[in-house]
Number of protein chains: 2
Amino acid sequence: MQKIIYLHYKFDSMFSQSEENYLKAIYHLGITSVNGVSTNAIAKKLSTKASSVTDMIKKLADKNVLIYKKYQGVKLTEEGKKTAALIVRKHRLWEVFLVEKLNFNWDEVHDVAEQLEHIKSSKLINEIDALLGFPKFDPHGDPIPDTNGNLHLIEKKLLSTLHINETGICIGVKDSSASFLQFLDKQQIALGQEVEVLEKEDFDDSMTIKINDKKMTVSNKIANNLYIQKQ
Amino acid sequence: MQKIIYLHYKFDSMFSQSEENYLKAIYHLGITSVNGVSTNAIAKKLSTKASSVTDMIKKLADKNVLIYKKYQGVKLTEEGKKTAALIVRKHRLWEVFLVEKLNFNWDEVHDVAEQLEHIKSSKLINEIDALLGFPKFDPHGDPIPDTNGNLHLIEKKLLSTLHINETGICIGVKDSSASFLQFLDKQQIALGQEVEVLEKEDFDDSMTIKINDKKMTVSNKIANNLYIQKQ
DNA sequence: AATATTTTTTAGACAAGACTAAAAATGTTT
DNA sequence: AAACATTTTTAGTCTTGTCTAAAAAATATT
């Protein structure tokens, strides 16, 4: 008599930290494009070499989280998308936790969340979610995928695309580098504030806006990195 | 003209996850003995092979966190002790966090804390410490080292060493395996409860105690794993 | 003190993940 | 379509951390 043992491979997660980082990078890169994600794009995103990427995507293809045809780039499978989304979920929930509960500023959370996102415990992340009151967005305005990896996309435009007299609410940043976030802090620009476009300068694409009841001029680079929800 | 670059190796931590696990194991094993910690003891603690241990302790000796002489076992240096103590600090603070803030039971925290203890961010752990109100003990009654790695030892005895009519307070467990902790839960024995020894049985070293105003008989195995603070 | 046993170390191998350099495929020009 | 440029892959190497098997040292036993 022999007992059959069912291996529950999907118990929590079967991916190494490195594999998770690749999945997340491909997920982020693939979200915009309909085509496959190129080896070089992945290498650039992860600050690694194309040859290392080729090695890893072969491994991930064997694990059925992505489709790989030589020289054709890669595409995540449904399983791959879900796995990646759940890592993103963890990352963003930890960011909210750090800001809401531990007095981190929004420019300090990234590196720590980058580590915390790899902690394997579904109870842990669900309890964090509950502790925070099931937030739907992280401190940079990015949406938090639900427990199934689905995310509720919200309509948003870059500030730079608004026309004169249009108004909206500042709901996110495209560039979430510490330097940009610190710049916004200095200018007292924060998410949730109301914005109105007063003037646009053709010469350098700068624009004059009223934000938080203060009038100010922002460069195109700034306007290109602030997401606005149209009212 | 050449700029001199000072490398701040001590920034946060220069140890790999594996190195940290070895340091912690040696720290725990060395706390009791005055002699060095043997290769085999480390291998057993980490469920690895003696040959792997030899490799690693050579590397750690090169990094000046321990003293190693062939066939003589190892001893942590002051730097090694501090490094290890700070990992233990993180582990125990995370355990408190999980129990106090995330509804974990004391028998569920170990594996998750084992992962969380490797997160590198001094701000993170200090904020967790503050959020918890600077606790001095973890959920199993073990002391939490301070930011310098020092720990305040408290006088405690095993329940098994108490004599008839002696009383005390249950303040910790020696064995913190899930099965022992679940057993205590079932018996409604918890830290903080008052204990009085009513009877001791010479035959099997079991003892009858009054705990939490309930009379019960506990085996020697139990009494050997419960720490009592004498009143 | 000699032998047996246990512990520890060495030597060599392996897997994961990264790298360099060169080859192959694809894309772009003219 | 041929030549050039870019991207991607392959082949081989390296590091970290692990392992097995065998050798060496320390400890225990007779």
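This is a predicted model: local features need pLDDT of at least 70, side-chain atom pairs count only at pLDDT 80 or more; totals for chains, interfaces and linings use all residues.
1. Glu19(A), Lys59(A) and Lys63(A) are joined in a network of salt bridges, a salt bridge being a side-chain nitrogen of Lys or Arg within 4 Å of a carboxyl oxygen of Asp or Glu. Residues are numbered from 1 along each chain as its sequence is written, chains are lettered from A and ligands numbered from 1 in the order in which they are written, and side-chain values use heavy atoms, with hydrogens and water left out.

2. Here is the overall picture of chain A. The chain has 8 helices and 8 strands; these are DSSP runs numbered from the N terminus, with helices being H or I of at least four residues and strands being E of at least two. Along the principal axes, the C-alpha atoms of chain A fill a box of roughly 80 × 45 × 25 Å. Of its 231 residues, 42% count as buried. Buried means under 20% relative accessible area, exposed means over 50%, and partly exposed lies in between, with a 1.4 Å probe and protein chains only.

3. How many salt bridges does a search of the whole structure find over all chains? The total is 20. One of them to look up is in chain A, where Glu117(A) bonds with Lys24(A) and the closest N and O atoms are 3.0 Å apart. Glu117(A) sits in the loop between α5 (109-116) and α6 (122-131) of chain A, while Lys24(A) belongs to helix α1 (residues 17-30) of chain A, so the pair ties together parts that are 93 residues apart in sequence. Both partners are worth a look for their burial: Glu117(A) is buried at a relative accessible area of 0%, and Lys24(A) counts as buried at 8%.

4. Chain B has a salt bridge between Glu117(B) and Lys24(B), with 3.0 Å between the closest N and O atoms. The loop between α5 (109-116) and α6 (122-131) of chain B holds Glu117(B), and helix α1 of chain B holds Lys24(B), so parts 93 residues apart in sequence are tied together by this pair. Glu117(B) is buried, with a relative accessible area of 0%, and Lys24(B) is buried as well, at 9%.

5. Another chain B salt bridge runs from Lys63(B) to Glu19(B), where the closest N and O atoms are 3.0 Å apart. This pair links distant parts of the chain, 44 residues apart: Lys63(B) is in the loop between α3 (50-62) and β1 (66-68) of chain B, and Glu19(B) is in helix α1 (residues 17-30) of chain B. Buried or partly exposed: which describes Lys63(B)? Lys63(B) is partly exposed, with a relative accessible area of 33%, whereas Glu19(B) counts as buried at 2%.

6. Now to the sheet of chain A. Six strands form an open sheet in the order β3-β8-β4-β5-β6-β7 (chain A), with antiparallel pairing; two strands pair if DSSP finds at least two bridges between them. At the edges are β3 and β7 (214-218) of chain A, each pairing on one side only. Strand β3 (residues 157-158) of chain A is joined to β8 (residues 226-230) of chain A by 2 bridges, and Lys157(A) has Ile228(A) as its bridge partner in β8(A). Strand β4 (residues 167-173) of chain A is joined to β8(A) by 5 bridges, running antiparallel. Within β8(A), Ile228(A) is the bridge partner of Cys170(A), and Gln229(A) stands opposite Ile169(A). As background, strands of a sheet pair through backbone hydrogen bonds, either parallel or antiparallel.

7. Chain B also has an open sheet of 6 strands, in the order β3-β8-β4-β5-β6-β7 (chain B), paired antiparallel. Its edge strands are β3 (157-158) and β7 (214-218) of chain B, each pairing on one side only. Strand β6 (residues 207-211) of chain B pairs with β7(B) over 5 bridges in the antiparallel sense, and Ile211(B) has Lys214(B) as its bridge partner in β7(B).

8. Phe180(B) lies in helix α7 (residues 178-186) of chain B and is buried, with a relative accessible area of 7%. Its C-alpha atom is separated by 28 Å from that of Asn150(B), 30 residues apart along the chain.
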